[in-house]
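Have the viewer open and follow along.

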Amino acid sequence: MFSLSSTVQPQVTVPLSHLINAFHSPKSTSVSVSASVSHNQHRDLVLEHEAPSNEPVLNLRDLGLSELKIGQIDQLIDSLLPGFCKGKNISSHWRTSHVSAQSFFENKYGYIDVFSTLRSSCLYRQHSRTLKNICSDLQYWPVFIQSRGFKTLKSRTRRLQSTSERLAETQHITPSFMKGFLLRDRGSDVETLDKLMKTKNIPEAHQDAFKTGFAEGFLKAQALTQKTNDSLRRTRLILFVLLLFGIYGLLKNPFLSVRFRTTTGLDSAVDPVQMKNVTFEHVKGVEEAKQELQEVVEFLKNPQKFTVLGGKLPKGILLVGPPGTGKTLLARAVAGEADVPFYYASGSEFDEMFVGVGASRIRNLFREAKANAPCVIFIDELDSVGGKRIESPMHPYSRQTINQLLAEMDGFKPNEGVIIIGATNFPEALDNALIRPGRFDMQVTVPRPDVKGRTEILKWYLNKIKFDQSVDPEIIARGTVGFSGAELENLVNQAALKAAVDGKEMVTMKELEFSKDKILMGPERRSVEIDNKNKTITAYHESGHAIIAYYTKDAMPINKATIMPRGPTLGHVSLLPENDRWNETRAQLLAQMDVSMGGRVAEELIFGTDHITTGASSDFDNATKIAKRMVTKFGMSEKLGVMTYNDTGKLSPETQSAIEQEIRILLRDSYERAKHILKTHAKEHKNLAEALLTYETLDAKEIQIVLEGKKLELR
Ligand SMILES: Nc1ncnc2c1ncn2[C@@H]1O[C@H](COP(=O)(O)OP(=O)(O)OP(=O)(O)O)[C@@H](O)[C@H]1O
Ligand SMILES: [Zn+2]
């Protein structure tokens, strides 16, 4: 007989092979079971060895089975080894509980998987194994249960709250060894180690082992906590770094950051650019503008000198001129000459879609500048911020920005040492309030450079590259009428690139001419296959232009003739004015018309009326424009007199036909003059066309050699 007690738990040992028999056949003679004294109406189980056995001895307490009721053990084994008990055909009056440990866990905690896995993988398929094996498998239970229980309980608070309820619930049905496991994570909260050992009646001999095990478990738990803490800390750090990156990205993105920066005041970071290295020396071909700005430089250098005499200097200077003529460069040079800070802002920067951002930027800019006076504020593209205050749905807050600018300009005294330089390509678009005295009241025009200015600019940029001594900047300057400083700088740069591509050591006239044509007419089209017939027609056509230019007194000197396709043209002749032409005479205009006619006349004379081409259409456009302006604008027609006819569509039919008549006469006469010249110089015409077919491109000197009947040296 053996008894189970939850309070008194003596050391219970039993050979494994006897265990099952002991459970199911307490009266069996093969196992001597003697009952010990019972306490509290419970029975203690005392199992004694009868004979020494080689089988390993299992301690029931070690297995946590000491508190089990027999019925519960029975159920447990049944659930673990279905059919095991049946196989043994042992009926037991201990089997009274219908709630098995398995179903309890399945219902309460959803442990079905763990159990079924355990059963299927370890137990069920191997139910022929001895109980010894089964019991050794049993020792893994707590591991499964504990880890699972730990994971599924959501929070500690909930756990603590619910444990008491659950305890009450499970008190009657849970085997006590399982209770122990379920309560284990709570036990550390409510019981000290000593108390635990006392309540569990751990014998002294095992207390050390118990403590060691406890300590090991504690250390393991601590290591786990440490690991979790470390990874938590790492995650937090990563999140923090990502947050910092996000904020930085937001600040860097001009579009997204605008609102953020303004509201946070971060936008106030306006850094000045010191322009010591840029002086008037760097700005070429705009002498008048430089002279006008010289006094501003003096003022910035020594403001007191001006205010002592009571004189007032303008607060704002407006630089007006086409793009790329050096307005920004001039403003920088003013700051550089005076050695003061230079604040750059572009008008389009103030044109924001958010309300008040433009105005706040202007405030920030002026605040910084005032704190660093004397200084220069440069506002490029002033028209985009200071344009006429229109009521437009596209720019609903443009007024705010310009009003802020006006307020800031009024807000400081002329002798405070802040000079505002604005630049615009469209002065007429500026708001009138901006150009009244006291604001941008000084206007400096920065025009496109004349031939002298262009020569200076070309020399300045040529000196920055390696160029051949034969290069004559003046020739290039003459051929680049209307080029701005920026375009001339680009021309020199392109020539240097071309020389590098061609493997040359220095830039020659050839590269400079090449890049000039490229800028004027687009890139060469070397890949275009042009048949010989078309090439010949082009050669005679271009030679026709060149012959007329060469033999007409008032025509511009020839610079170059080529039959290399470029842009939309198959060839061209370029003429160079000796100087920039401020005025043109009637003879010069007629000569230009004659040169234009030369192409078609040449085609007609050489190939016959039936073989003239469409290639002369732009020549006729050009000649017609000149003739029309002579008649309607310049008063150069005897018949129509010294009168301008602007809107020819509104004129009387008679006047219109009279104008047409006069234009036609001018063009016809021009055509006849060209025909005469080409007939007279048919031999030169033929020589030049053949030279072009051979060499493709001829410069002024080579054309002269050919026309003088000399032989060209082979290139
Ligand atoms: N007169 C000049 N002398 C020397 N370099 C010049 C001159 N004009 C223009 N450049 C060159 O062209 C560049 C562009 O000129 P800049 O920006 O000053 O023109 P801008 O008139 O302000 O043009 P935009 O109206 O388009 O702003 C200069 O940095 C400079 O290298
Ligand atoms: Zn032509």
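First, the ground rules. This is a predicted model, where local features need pLDDT of at least 70 and side-chain atom pairs count only at pLDDT 80 or more, while totals for chains, interfaces and linings use all residues. Residues are numbered from 1 along each chain as its sequence is written, chains are lettered from A and ligands numbered from 1 in the order in which they are written, and side-chain values use heavy atoms, with hydrogens and water left out.

**The chain.** There are 29 helices and 13 strands here, taken as DSSP runs (H or I of at least four residues for helices, E of at least two for strands) and numbered from the N terminus. Of the 715 residues, 42% are buried, meaning under 20% relative accessible area with a 1.4 Å probe and protein chains only. Look at contacts (heavy atoms within 4.5 Å) between residues at least 6 apart in sequence, and 73% of them join residues at least 24 apart.

**The zinc site.** Which residues hold the zinc ion (ligand 2)? Its protein donors are His 541 (NE2), His 545 (NE2) and two entries for Asp 619 (OD), lying 2.0 to 2.8 Å away. Donors here are N, O and S atoms within 2.8 Å of the metal (3.2 Å for Na, K and Ca), and water is not among the atoms, so sites may look incomplete. The spacing in sequence reads H-x3-H-x73-D. His 541 sits in helix 24 (residues 532–551) and Asp 619 in helix 26 (residues 617–632), so this pair ties together parts 78 residues apart in sequence. His 541 is buried at 6% relative accessibility, and Asp 619 is buried at 13%.

**Ligand 1.** This one is surrounded by 17 residues, the closest being Lys 284, Lys 327, Thr 328, Tyr 461 and Glu 489, with a heavy atom within 4 Å as the test.

| Residue | Distance to a ligand 1 oxygen |
|---|---|
| Lys 327 | 2.8 Å |
| Thr 328 | 2.5 Å |
| Asp 380 | 3.5 Å |

**Helix 23.** Covering residues 509–521, helix 23 has 13 residues and reaches 18 Å from its first C-alpha to its last, close to the 18 Å expected. Its buried residues include Met 509, Leu 512 and Phe 514. Among the elements covering them are helix 20 (451–462), helix 22 (485–501) and strand 11 (558–562). After helix 23 comes Gly 522, with a positive phi near 95 degrees.

**Two buried side chains.** Back in helix 20 you'll find Arg 454, buried with a relative accessible area of 0%. A polar atom of its side chain lies 3.1 Å from the backbone oxygen of Pro 449, and one lies 2.7 Å from the backbone oxygen of Ala 477.

Ser 637 lies in the loop between helix 26 and helix 27 (653–680) and is buried at 5%. A polar atom of the Ser 637 side chain is 3.3 Å from the backbone nitrogen of Leu 640. What does the side chain of Ser 637 join in a polar contact of 2.5 Å? That would be the side chain of Glu 662.

Terms used:
Buried < 20%, exposed > 50% of the residue type's maximum accessible area, 1.4 Å probe, protein only. Expected span 1.5 Å × (residues − 1). Polar contact = N/O pair within 3.5 Å; in protein donor to acceptor, adjacent residues only side chain to side chain.
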